[in-house]
Amino acid sequence: MKKSKYLLVLILIISTVLAACGGTDNAGDNADTGSEKVEQVLNILETAEIPTMDTVMGTDAVAFNVMNQVFEGLYRLDENNKPVPGVAIDHTVSEDGTVYTFNLRDDAVWSNGEKVTANDFVFAWRRAVNPETASEYGPYMMSGVITNATEIANGELGIEELGVKAVDDTTFEVTLERPVPYFDTLMTFPTFFPQNEAFVTEQGDKYALEVEQMIFNGPFVLSNWEHEVGWTMDKNNDYWEADVVSLDSIEVKVVKDPATSVGLYDTNKIDMSGALSSEFVDKYRSHADFMSYGEPTIFWFKFNQTKNEALANVDVRKAISMAIDKQGMSDVILNNGSVPANYAVPADFVKHPETNEDFRAANGDFNVYDVDKAQEHWTAGLAALGTDAVTIEVLGGDTETAVKMQEFIKNQLETNLPGLTINLKNVPFKQRLDLDTNMDYDIQLAGWGPDYLDPMTFADLWVTDGGNNKMGYSNPEYDRLINEAKTTLAADPVARFEAMQEAERILLEEDAAIAPLYQRGTSQLLRPYVKNLYIHSFGPDYSFKWTSIEK
């Protein structure tokens, strides 16, 4: 998930520090500088274990990043965030914009030697919306998009009614409910990747739990996976375009502590650090390998309105939203290019189709930091609850930066809202995802990066009973606007865009259903010899297909 106008800034930084992005030469071999062969091994870090390697079950950035390297869908994103051929060579679209016919390449194969066929897409997409699979992203990404996906996810139709068809092995036909402006970018996302029916069926409940229970069709294969420690991705020599893949191997270590990450970088154990925490940003800001960029990724409080009575009160939610000094948190605790967010759709992500103004132009900010107004709402909320004290648990991550931020938030809320006690629950990423799915939290500190290039990737998170809502929020007017943006307004870009802007106003100004905190920035260290590492503004963060080591 993540990064837009900011990707341009990043590319400029990388092109200055590293060299301009572009194609690679003799990509199938080790890069050659004179007579010396350069080892094509990229050493990087991740902050969490891979929650799942089943593409229809993925919901998070960690999983999607790995999936993007070892699997491939119809298309993939290039350095400019444009879809380029993957398994599909090209496609045609019907005159009414509802039928896509993808022509698949004949030389795409799985790592067990079998061809990737149209049926692999049919099988995977059906599995993603099958209620028995219990995929979160399948119904979320396909409902209202692929014909009959909603009814299938609700158990009203069988999976064979999904609007997908294998015309033959190399022709895949998709029928949409209605024209979808962002459908081409959806086809780069892991939920839409293929799966080999015979292999998945043979593995049963063990599919994708270990390396031996997976097959791959991407530029790399997952060759080793030591849970909670790290994993290795090796070049897939059977990949259809293996000749442009330079890297022989990508070694990934799980490191949660920023100090450990920097130590590994300083001792030349890794080629790219993890995200730098505040003190290391200051230390390394003038370092030649330092890079910093913004992202269209927002972190917010999700208020569970069903578990804690206080959070069902809109004044309590507004009080909490307005009682945190977001500027101070961004500048001091994060100090990495992040900026305060008082909105649900990020700045510098998408523009109005007619005026070309940023999405933010119409609404500006909501529920900005204001202790006096926060206390007014707090007093009203406590009165409605008939109490003078409330205890709320905040669920968050267990990395060093996350813990520091959550302690800052606790101090802000308890200081500015008399009678409020905040208990912090800091857990590993995978556990937080499980608690979110089960709605077993009061307030959750969560983040979201765009899955595709459209405001809908943020807007439809909060519809009633939506797969990513998981907080009991429901507003019929909000639902109506989002539904119209997906249906009756699909052919009217201006009205559609403005409906989503109005929905954001309802979500925050009227309901304070979530409390946005900051729009993420990232500061990292990257070796100047790492070339063509593409960082994306939506979907999976990275593509290593074109990356090389050039010393």
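**Exercise 1.** Which helices each supply at least two residues of the lining of the second largest pocket?

*Solution.* Start with the ground rules. This is a predicted model, where local features need pLDDT of at least 70, side-chain atom pairs count only at pLDDT 80 or more, and totals for chains, interfaces and linings use all residues. Residues are numbered from 1 along each chain as its sequence is written, and side-chain values use heavy atoms, with hydrogens and water left out.

Next, the terms. Helices (H or I, at least four residues) and strands (E, at least two) are DSSP runs, numbered from the N terminus. The search uses a 1 Å grid over the protein atoms alone. A pocket is an open set of points with protein on both sides within 12 Å along at least five of seven lines. A cavity is a set of points where a 1.4 Å probe fits but cannot get out. Lining residues have an atom within 4 Å of a point.

Now the answer: α4 (137-142), α5 (149-153) and α17 (476-486). The largest share, four residues, comes from α17.

**Exercise 2.** Describe the second largest pocket by volume, centre and residue class.

*Solution.* Its volume is about 830 Å³. A volume is the space filled by probe spheres set on the points, and grid points are joined across faces, edges and corners. The lining has 34 residues, and S143, V463, D465, G466 and G467 are the closest to the centre. By class, eleven are nonpolar, 14 polar and nine charged. Here Ala, Val, Leu, Ile, Met, Phe, Trp, Tyr, Cys and Pro count as nonpolar, Asp, Glu, Lys and Arg as charged, and the others, Gly among them, as polar.

**Exercise 3.** Are the residues of strand β3 (residues 41-46) buried or exposed?

*Solution.* Six of six are buried (under 20% relative accessible area, with a 1.4 Å probe and protein chains only). Check each face. V41, N43 and L45 are buried on one side, and L42, I44 and E46 on the other. Then find the partner. Strand β12 (residues 249-254) runs parallel to β3, joined by six bridges. Strands pair if DSSP finds at least two bridges between them. L42 stands opposite I250 in β12.

Notes
Buried < 20%, exposed > 50% of the residue type's maximum accessible area, 1.4 Å probe, protein only.
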